Amino acid sequence: MEERNDIVNEPSAHPKVLVIGGGVGGIRAALDLAESRRNVVLIDKAYAIGGLMTQLDRTFPTNNCDLCTVSPDLSESGRQHRMELMPMTTLVDIQGEAGNFTVTLETAPRHIDVSKCTACGECVAKYPDWVRFTPGLDPRAPTCMRYPQATPFAFSVDMEKVEDIKALQAVCRAEAILSDDQPKTATVNIASVVLSVGAELFDPAVLDHFGGGQLANVVTGLQYERIMSASGPTAGELVRPSDGVRPKKVAWIQCVGSRGINRADVPYCSSVCCMYALKEAIVTKERFASDIEATIFYMDMRTCGKDYELYLNRAKNDYGVQLIRSRPHSIIEDPQTGNLSITYTTDEESRHLTEVFDMVVLSTGFRVQESTVELARRLGIELNIHLFAKTEAFSPVSTSKPGIYVCGVFESPKDIPETMVQASAAACMAGADLHMDLSDPQAEDDFPPERDVSGEPPKIGVFVCDCGFDIGGVIPVNEVVASVAKLSDVVVAESVGYGCSGDSMLRIEQMIREHGLNRVVIGGCSPRTHETRFQDLLRRVGLNKYLVDIVNLRDQDTWAHMDRPADAAKKAEKLLRMGITGVRKSRPLVDHTLPVNQNILVIGGGVTGMNAALQMAELGFKVYLIDRAPDLGGLARSVRSTIEGGDVSAYIADLVQKVRANDKIQVMTRTIIVDHSGMPGLFTTGVQSGPRMNYMQIQHGAAILATGAMPNRPKEYLLGENDGVMTQLDLDSVIADMPDQAKGWNQVVMIQCVGSREPGNPNCSRICCATAIKNALRLKALNADTQIYVLYRDMRTYGFSEDYYAEARQAGVKFIRYQLDDKPVVAETDGQLTVTALDPVLGRRIEIAADRVVLSTGLRADDETTEDLAMLFHVARTDDGYFLEDHVKLRPVDMALKGFFIAGTAHSPKNIKESITQALAAAGRAQALLAKTTINLGASIAKVDGNRCAACLVCVRACPFGVPFINADGYSEIDPAKCHGCGVCAADCPAKAIQLMTFEDDQILAKLDGLFERLN
Amino acid sequence: MENFEPEIVAFCCHYCAYTAADMAGSKRLSYPPNVKIIRVPCTGKVDAIHIMKALLKGADGVYVAGCLEGDCHFKNGNIRAAHRVAYVQKMLNDIGWDGERVEMITMSAGMGERFAQTAKEFTEKIRQLGPSPAKTAAGQAAVG
Amino acid sequence: MKTESRLEKILAAGHMAVTSECGPPRGALPEKVKEKAEMLRGCVDGINVTDNQTAMVRMSSTAACIIIKQMGLDPILQMVTRDRNRLALQSDIIGAYAFGINTMLCLSGDHPRFGDHPMAANVYDLDSVQLIQTVKKMRDEGKFQGGADIANAPKMFIGAAANPFADPFELRVMRLAKKVNAGVDFIQTQCIFNLDKFELYMKQVCDRGLHEKVAILAGITPMKTAGAARYMKNKVPGMDVPDEIVKRMEGQPKEKQAEEGVKIAVEAMQRIKEMPGVRGFHIMAIEWEQKVPEIVERAGLLPRPEV
Amino acid sequence: MITAEQKPMQEIINCIAPYDRILLVGCNECVTVCSAGGRKEVGLLASALQLHFLKQGKTLDIKEVTLERQCDPEYVEELVNYMDQVDAVVSMACGCGVQTIAARYREKAVYPAVNTKFMGASERQGIWAERCQGCGDCVLGLTGGICPIARCSKRLMNGPCGGSTKGKCEISPDVDCAWQLIWDRMKALGIEKRYEEVMEAKDWRTSRDGGPRKIVREDLAS
């Protein structure tokens, strides 16, 4: 990847996809496109990509530091040759149509030649005012880069403020400062556009009742994130802005500017604030002091994502976060202390309550920027009433203009995993407008030739990250470094800040060159996530990538032992010693590759599976779509209408017809999976099909699990005993098929969270609140006089479905809140159903005679199916039986087993629109994998020393995959293309003739030597 | 031996136990820092010699942590490992050591809690058993 | 007549022969031998003396045979190839013959694993077929196995065992034929409980005409208790005890089981008598020798003919 | 191959207890194949012994060497440079290897660390079974390729004894009845008839019974 500041006038023969917005969504979309062999231009008006996420301290539900999780992705983008990154660039014009647009892009001057800038920081040190960015609260961040791992890692000069350009140029030893840099314009031929421009967070300064932006200790959620962040203005210390003292009582106020009817409010729900407030509260207690009181004032707790309810329970039960259901109406500051009084009322108490806090965090939601509205106008796409990009339920990432797709918050408010899913989906759609370039070989190997280090004695460089405060906040990194610096063969030992940041990487490269290092030890986070990054670093300096060892100082030391810092430091030293002694024995190795099978197996023929199949077929892949049911359609066949009024039945019928008619899709119904083998890119799955259960084997390179979920039907509230009690799904068909019957009902009671959010099935089913509202509105439309009561715990009409919640209230639907420990009671006397519940507003129990009681039973995992498949495929599941993605945040459709993807309700409960989105995303991710013509098997394969081999056959018999054989020369031979790298043969070989590369015995023993301080 | 802090080596398979250990870290689950992990692709890779050498070089306890039965990424490496650990336990008993100093543990990648819990339990067990006989015996000197 | 054997004479005269056995004591107790042998006087034509039966050390078979011979009875010398090589076997045969012992049974013997010296070396220089050959060669050619001449060669009436119930069943008749080829004169079978299977065996024996070349004495064992029946069914290799026999024993109260056992034995003998090719009975009343006269009588085989 | 299995640990420990410096010698032939005395077992035994003596307070110096073949003097010669650094030798080879070392290095005590068991074949991973007793006069051609001497508990040459039950030997249900196997093979080969030919008493002179044996190939030995 090169940053392009020069004029680019691409010939139309090589069209590209334009991705607008360099946040996590845009990066994901661009990466997916580049991986699937499409050329991409990624533009962002900021001067480094990363977006909002890089400003966050930690993300839920894992409470990881975002910088650490996102930076490998950013660096990944840094090595994609098909990607042009254009920071400080905006779109000024677009002409043409889908498949053949011409866009005009304008790049603002940076005044720095990024190809020369080494990000040394000298310019800022000397002239801090001449830099531009204001991250978070402090106008002058410790560095002038937006965050330490910024890509590209170059500075930008604010020419407006520069008084003496010559002086500035003089401090730059790299001669990178350009005095006469000018804006540049480029026209590019593109096939499609992905819009991932995000949104800004609401500025609460306009709200008088919350201090109007004047109160020092009232901050927004994002400001609070910056305060907590290790790269933030307080260097990771949690202190009050007014006096720099750590607060003892912190309050969060939810829905600030959202779900409101007041001036400056928006009516929709911003979807993410409940979770981020909970996260900030937990992290506050976890990282700073468990005795800090954390109180959240909320309207409804909307923790309806995958496993989010568990997170809510953790916040309440394990961390003691106070949750007060209320809407505070004012904050008053004590001018002496800077403390803040919050006045609020609750359902239960009619009088005003007041409580004093040291600090108040306003959970502000998303707003579309004015510049985005302008961009939409320029692009010619329609916006919805809230000024977000308009999409349809059955085409969730398509804007009103063909060829322009949208993902992320600009489509609707959403969190990171949903953004990632949508980004992959949008990339998949945008990619379909542009043929995959299979003729072009994958240009990857422009690394310099490898230096032969075989004759050299080990020269080791040890580089230890402090990972912000995650490592450096627990152990004295410099002391630990000093303690290992004296070990033999260690030439350099240094602490490098964020090891994965651009400048640190550069520093390491420089040290390797300078000292002629031939072995490198990195102390930082888990090699599971960061090994590739540092392996690439070695390749860049001409060293074999297997000459580096990553010592897991964070995940397996400082994180786990933060309560015992002295012991953690000792352990860090020992782990580093192990790394050093181990890496001395490492050898240069060559990776092995195999061709990829281009077929895809889609399991599950519901809406999700069919969409994924169609999309893959569209992209030109052969699809096997299997379902154990006799017909396609899945659960959606029992849904008639979406909340927006879309006709689901007609949609399904059309979808089935398209799938059946597509000659690239082989549909196999009544089919079950019986066996599975192979490796990513080369799987073989055995299925039995049809009434005779005929066996056949499917060869495929990847698979999408879209097995769906089951409608829940718990035996509660007389369900199944009384005909007047039904589920929302039942009601859906009554309304559609027997409207006259429904019209005659006088009173209908709906009960939410039946069989969800309680012991046994602790998670939220996500879809039921909107479904209840949808059906309530449909009933009201049939007969406005029907009285409808919705008994609920929290109304979770996230995003724009909040509109329908408001509409339902206006239509006279009554909402009565109940508690888990005081559930409503449904009884039947003389054929009359009655529902009794405590009305918290009235403060007494009410009894409602009901013609129908409708239970919102939601979904539960198809436990049997997922268990069977998990066993067959060796993939993981959550505790409640849904498939588990590889990374809940950043890889929500990939599974840990490479080549496997999940989509739809097999992942977690979701509505049709969300399921389709994930289906497209899975298809996109799968094609990115299949676009690779070869699959890298790595170098971790077993190797036989023919001289030692006794041809005893132990390996031949021990290998779980039957790979070794005794060759014509009379010794065991292991085909590297077939070896899975488990090492069983190496462990069993009685002649010790087999070594598993990268895990050789001498390396393992050397690590033990390092641990026990027997260095030789 | 009031302040005896055992030194423990854990051979962890990449796919399950090592990931579970990372998981324990990301959940900030505390466990004894005595445990030092050596990553292996599969517990089936752990040679009986590795365990013996770890003890010889000074480990007070060694455990091998792999996937749950039936979940091995390589079909049955964890079962093989369990047999080897049993073999080493017998060998240790035969030479007058305590076979309890080595153990096979299984867990899935998502079981951060179990990783932390078993690390605690094993460390506690070794603490009860006391320092490695290699350390306590008089006249010990550096070996191998 | 090949020999002086009483058994040979009985058979030659066309009588149903009856033999029984007595196990020598585990100690130098000649009176024990006499006591047991005395019980059999007058009701059998020959008394087998076992050779370290079940691989437990007992008084030597040769010595016990001498004692019985000296009582005026007719011992049958059992000899297993497990404990002695061909030198010892042949010298013992000569020695026995020197005391007038003229009938013997050639066996391979139970494996030492089952006895009280499982650590003992397992000789098996010869197997039972080869022992038959050896004894025959000594008798008919007057030569040792190694080929040298014998002065006053022992003339032994040669017996061997056969188990009609061991596996593989199809080999049992062939194995009998092999022993016949080797020169065996009479056969004592394993205890017979499964009469149908024995009948089938005998039919095959007769079909091949083997019954004309060798005298087959059917093995009979009376069971004392239901427990014994179960034990033999489940634990003794090569023993075929049908379920109905076990059930029949179990169907009786404890005190009547012994009587039932005798009854089963007698009924079996009645039926076997009618089977073509059967030339007599070998009654193995282990540690229950006193019952033999009663059984022989109830089977209608008393008194024993004089020859 | 010749099979062997490691001696009880205590026995080995007792043997070497008087010594401080041990040469532990493996063999890359049969004992490697049967996982009794190859490079891996040498490493394991060495560490086990060191651990044992460490507990006694003694640092046992063990040198580990695995020879290509311990029963050839030329290979055994490779040990010569170690001999002045060790007090005793422990061999993990079969008895042949132990004796070859003993013959070459007369002044050093040599102890076997394995019990040499039998000539056998592997049935599957980790299981070896006896197949040959080296009788010196092979009868396999007569017995359908299954040796009654090595595989019948009683070395019976003329058919199964009365203890053969369902294809198993009377001594254990884990042991196949050799004669059942022979009979099955004979049937498969269509040579059942041959069974009835009496196999004469065997001449055991060609076996161990004839005294220690030697093979001399004049053409090679000259």
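Two residues are in contact if their C-beta atoms, placed from the backbone, lie within 7 Å. With that in hand, here are some close-ups of a predicted model, where local features need pLDDT of at least 70, side-chain atom pairs count only at pLDDT 80 or more, and totals for chains, interfaces and linings use all residues. Residues are numbered from 1 along each chain as its sequence is written, while chains are lettered from A and ligands numbered from 1 in the order in which they are written.

**View 1. Chain D meets chain B.** Here 15 residues from chain D touch 19 residues from chain B. On the chain D side, α1 (9–16) and α3 (39–55) each bring at least two residues; helices (H or I, at least four residues) and strands (E, at least two) are DSSP runs, numbered from the N terminus. The most comes from α3(D), with ten residues. This side of chain D has five nonpolar, eight polar and two charged residues. For these classes, Ala, Val, Leu, Ile, Met, Phe, Trp, Tyr, Cys and Pro count as nonpolar, Asp, Glu, Lys and Arg as charged, and the others, Gly among them, as polar.

**View 2. Chain B meets chain A.** In this one, 45 residues of chain A are in contact with 39 residues of chain B. On the chain B side, α1 (17–26), β2 (35–40), α2 (48–57) and α3 (77–94) each give at least two residues. The largest share, six residues, belongs to α1(B). Sorted by class, the chain B side holds 16 nonpolar, 13 polar and ten charged residues.

**View 3. A helix tucked into chain B.** Ten of the ten residues of α2(B) are buried, so this helix is largely enclosed by the rest of the structure. A residue is buried if 20 or more other C-beta atoms lie within 10 Å of its own, exposed if 12 or fewer, and partly exposed in between, with C-beta atoms placed from the backbone. Among the buried ones are H50(B), K53(B) and K57(B).

**View 4. Two helices crossing in chain A.** Helix α16 (residues 607–618) and helix α17 (residues 648–661) of chain A have axes that come within 10 Å and cross at roughly 40 degrees. The axes are lines fitted to C-alpha atoms, for helices over the stretch in contact, and angles run from 0 to 180 degrees between N-to-C directions. The contact uses V607(A), M610(A), A613(A) and L614(A) of α16(A), along with I652(A), L655(A), K658(A) and V659(A) of α17(A). Those residues split into seven nonpolar, no polar and one charged.

View 5. Strands β30 (residues 682–689) and β31 (residues 694–700) of chain A pair in the antiparallel sense over seven bridges; two strands pair if DSSP finds at least two bridges between them. S689(A) has N694(A) of β31(A) as its bridge partner. Four residues sit between the strands, and G690(A) takes a positive phi near 75 degrees.

**View 6. An open sheet in chain A.** Five strands line up in the order β11-β18-β12-β13-β14, with parallel pairing. At the edges are β11 (218–220) and β14 (322–325) of chain A, each pairing on one side only. Strand β13 (residues 293–298) of chain A pairs with β14(A) over four bridges, and T295(A) has Q322(A) as its bridge partner in β14(A).
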